[in-house]
Structures are given as structure tokens and as C-alpha cells.
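Thank you all for coming.

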Amino acid sequence: MKKNKKTNNVSWFQWTQSSEFLKGIFIFVSLLILLILSVFIIWKRYTERVEGQPIPLLQTSPPQQVVQTIEPPPLSPREELKLFSDRLAALENRMNQQQQIMLTPPKLVAIELLRAVLKGWLPLETLKTYLQKNAHPWAQGLSSTLVPINESKTYPQLEALLTLSPVQLPSMWERIKRKIKSLVHIRKLDEKGDYQEGQIEDAQKALQAHDIQKALESFEKLPPQEKAQLSAWKDAAQDRLTLEVMMKKLILELTEG
């Protein structure tokens, strides 16, 4: 009996040490690990899906309130009369304002537009459009006077335009003569005591004093070569003089009634 038991123990030990037993153990452990991983993956996906979905909550919508229109109480005859008088007064004020605008003299409007044009606030086309829409004879006369004028230059613009463009580089001797001439000014006087020959500086000083008439007179005394180079300035200055004379004429007519 003891011999058989011993024999069984030996055979069991030999079988556990065999390659088939080890192979079976390896397969079992592998299947167990795969089973555990599958269960973990399924659980993980389930929890993520549940967390991603919003949890519906039972929300009770508030009871809709029934809006009832509350009618104002009827006004008394005195209150209705006061309300009517207030509306009538507001309407009269509007009509008075419109009448004051309509009664504004057209010449005054033209003067203000012309003043804005001379200061460079408005383009000249604005004044032309206003005069063209005005049927008065004086407006049509001014409109025809403005036809050849395209734009109005301000005094700073005229002063910047009053510069000579060098045609060619002067020689050394000419530069020395200009330097000496700038230091010593010798000019002849006429019978009235004015300079017979003008300089650009004289016209520039007149522009700084906003005297366009004197600037043009100084321009006429310049040498012929300088006058030819500054012909564009003369045209712009002449247009400016025309607009200033026009405004003075309108102001005089308005004051005389």
C-alpha cells in the first residue's frame, strides 16, 4: 500500500514537471489575463459613455403667467384739454423753427458757405451747388462767376506754392552773387516810394498778413523768368481774390438790405 502511494506521488511530480503541464498552465494564465482585460475595457467604455451623456433632469416649466392688459383710467375733460394743449404747443414750436429756417436770408447762407470754402472747410462744389439751386438773379450771377474756378486755395497752401523750382544748378559765381545779394538789398524806388523790382519774400509777407491783393501786386514786380515759373500760383491767387471780393460784395448787399 505504501509502495503504491509512493509510486503515485512520483508520477504526479513527474507529470507536473513535464512540458505539457507547463504549456497548459501558460495557456490558462493567458486566457485569464485576456478575460480580465476584456472586462476592464468593457467597464471603462461604459463609464465614459455614461459620463459623456447629459443626465436628464425632470424640470417643471414655470406656469405661464396670463398677461392682462390694464387699461388706463379714463381722463377727465380737464386732463384731456391739457394734453391736447401740450401737443398743440409742441407742434407750434416745430412750425416756428421751420419758419425761422425758411426766413434765413439766402445771401447769409451763401456768405457762410463762402467763408467755409475760403477757410478750407468745404469744397467749392458745395457753394456752386447751392447757388445753382437758388433761383434769385444774384445767385445765378455768382454761379456764372464761379464756373472757371475749380478750387479755392487757403493762405498756407498759397504760401507753400510760392516757391521757385531750380531749373539747373547755379555756377559758383552765381551762388556768390546770390549770397551777396541776400546780405545787401539794393532796390530802386518809384515815384510813390515803392520798390520797382519785387521779390518773392514780399509776396510771402503779404500772404502771411492775409493780403492777397498786395501779394499779387508784389508778384507783378518779379522778374519775367520768375513770373513764368510761378504762373500756376498766380492763377490760384487770382481765384482766391475773386472769392474774397465776392464775399465782401455779399456782405455789403446784406447790410444795405
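Helices here are DSSP runs of H or I with at least four residues, strands are runs of E with at least two, and both are numbered from the N terminus. Read along the sequence, the pattern is α-α-α-α-α-α-α-α-α-α-α-α, with 12 helices and zero strands in the chain.

Please keep in mind that this is a predicted model, in which local features need pLDDT of at least 70 and side-chain atom pairs count only at pLDDT 80 or more, while totals for chains, interfaces and linings use all residues. Residues are numbered from 1 along each chain as its sequence is written, and side-chain values use heavy atoms, with hydrogens and water left out.

Of the 257 residues in the chain, 19% are buried, where buried means under 20% relative accessible area, exposed means over 50%, and partly exposed lies in between, with a 1.4 Å probe and protein chains only. If we take contact to mean heavy atoms within 4.5 Å, then among contacts between residues at least 6 apart in sequence, 59% join residues at least 24 apart.

Let me turn to the cores, a nonpolar core being a set of buried Ala, Val, Leu, Ile, Met, Phe, Trp, Tyr and Cys residues joined through side-chain atoms within 4.5 Å. The largest has 18 residues, and those with the most contacts inside it include Leu114, Trp138 and Leu146. Helix 4 (106–118), helix 5 (124–133), helix 6 (137–145) and helix 12 each supply at least two residues of this core, and the largest share, six residues, comes from helix 4. Leaving aside neighbours within four places in sequence, Leu146 is in contact with Leu127, Lys128, Leu131, Leu243 and Met246. A second, separate core of 17 residues includes Tyr155, Leu162, Trp233 and Leu241.

Trp233 also brings us to the aromatic rings. Rings of Phe, Tyr and Trp (for Trp, the six-membered ring) pair if their centres lie within 6.5 Å, and planes under 30 degrees apart count as stacked, over 60 as edge-to-face and the rest as tilted. The structure holds one such pair: the rings of Phe219 and Trp233 have centres 5.4 Å apart and planes at 40 degrees, so the pair is tilted. Because Phe219 lies in helix 10 (residues 212–220) and Trp233 in helix 12 (residues 231–256), the pair ties together parts that are 14 residues apart in sequence. Both Phe219 and Trp233 are buried.

Finally, what is the phi of His210? His210 has a positive phi of about 60 degrees, although it is not a glycine.
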